[in-house]
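The following paragraphs go through a single protein model, feature by feature. Please keep the sequence and the coordinates at hand while reading.

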Amino acid sequence: AEIRYRMAQMERRNAVVRARMRGVLAEVHVHTGERVAAGQVLARIIDAEDLKAVLYVATDRLVAWGSVIAVGPSRERFTGHVSHISPLVDVSSGTCTVVVEFLGAGTFFKPGMVVRVLLIPAGQ
């Protein structure tokens, strides 16, 4: 058993995970020593130029949005798209989580910056 353990440690030291893109490691879905399979998602790498905004929207404001626009302090504008609407509703506030992604907005907007996000209903 000790020999198998040492061989497993050697294999682990020689293991390499390669990503097809450059970016920032945002999420890790496995732990050290956990067995993984080919094709399994191990981590999420994001492009530092892209920006993700997490919004808390009142359930009575949930409609089909035609466009989503982010406006920065210097009036920069970026058009985004809704990537996820949570099916869970916070009972105390009556809101649900909406995730919006803005491609290329990271060149102007930085994490922690105050940005106004406009949710424009379809047809307007």
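A search of the whole structure finds 1 aromatic pair; rings of Phe, Tyr and Trp (its six-membered ring) pair if their centres lie within 6.5 Å, and planes under 30 degrees apart count as stacked, over 60 as edge-to-face and the rest as tilted. The pair is formed by F78 and F108 and is tilted, with 5.6 Å centre to centre and 50° between the planes. It links distant parts of the chain, 30 residues apart: F78 is in strand β5 (residues 77–85), while F108 is in the loop between β6 and β7 (116–121). Helices (H or I, at least four residues) and strands (E, at least two) are DSSP runs, numbered from the N terminus.

This is a predicted model, in which local features need pLDDT of at least 70 and side-chain atom pairs count only at pLDDT 80 or more, whereas totals for chains, interfaces and linings use all residues. Residues are numbered from 1 along each chain as its sequence is written, and side-chain values use heavy atoms, with hydrogens and water left out.

The classes are buried for under 20% relative accessible area, exposed for over 50%, and partly exposed in between (1.4 Å probe, protein chains only).

T95 is found in strand β6 (residues 95–102). T95 has a relative accessibility of 15% and therefore counts as buried. Its side chain makes a polar contact with the side chain of S93 at 2.8 Å. A polar contact is a pair of N or O atoms within 3.5 Å; within protein, one must be able to donate a hydrogen and the other to accept it, and residues adjacent in sequence count only if both atoms are side-chain atoms. Leaving aside neighbours within four places in sequence, T95 is in contact (heavy atoms within 4.5 Å) with Y56, V57, A58, T59, L88, V89 and D90.

Charged side chains come next. How many salt bridges does a search of the whole structure find? There are 2, a salt bridge being a side-chain nitrogen of Lys or Arg within 4 Å of a carboxyl oxygen of Asp or Glu. One joins the side chains of E2 and R6, at 2.7 Å from N to O. Both residues lie in helix α1 (residues 2–14), 4 residues apart, about one turn of the helix, and both are exposed.

R44 forms a salt bridge with E27, and the closest N and O atoms are 4.0 Å apart. This pair links distant parts of the chain, with R44 in strand β2 (residues 43–46) and E27 in strand β1 (residues 24–28), 17 residues apart. R44 counts as partly exposed because its relative accessibility is 32%; E27 is partly exposed, with a relative accessible area of 32%.

Strand β1 also contains V28. With neighbours within four places in sequence left aside, V28 is in contact with L42 and A43. The C-alpha atoms of V28 and I45, 17 residues apart along the chain, are separated by 9.0 Å.

Helix α1 returns in the lining of the largest pocket, to which it gives the most, with 5 residues. α1 and β2 each supply at least two residues of that lining.
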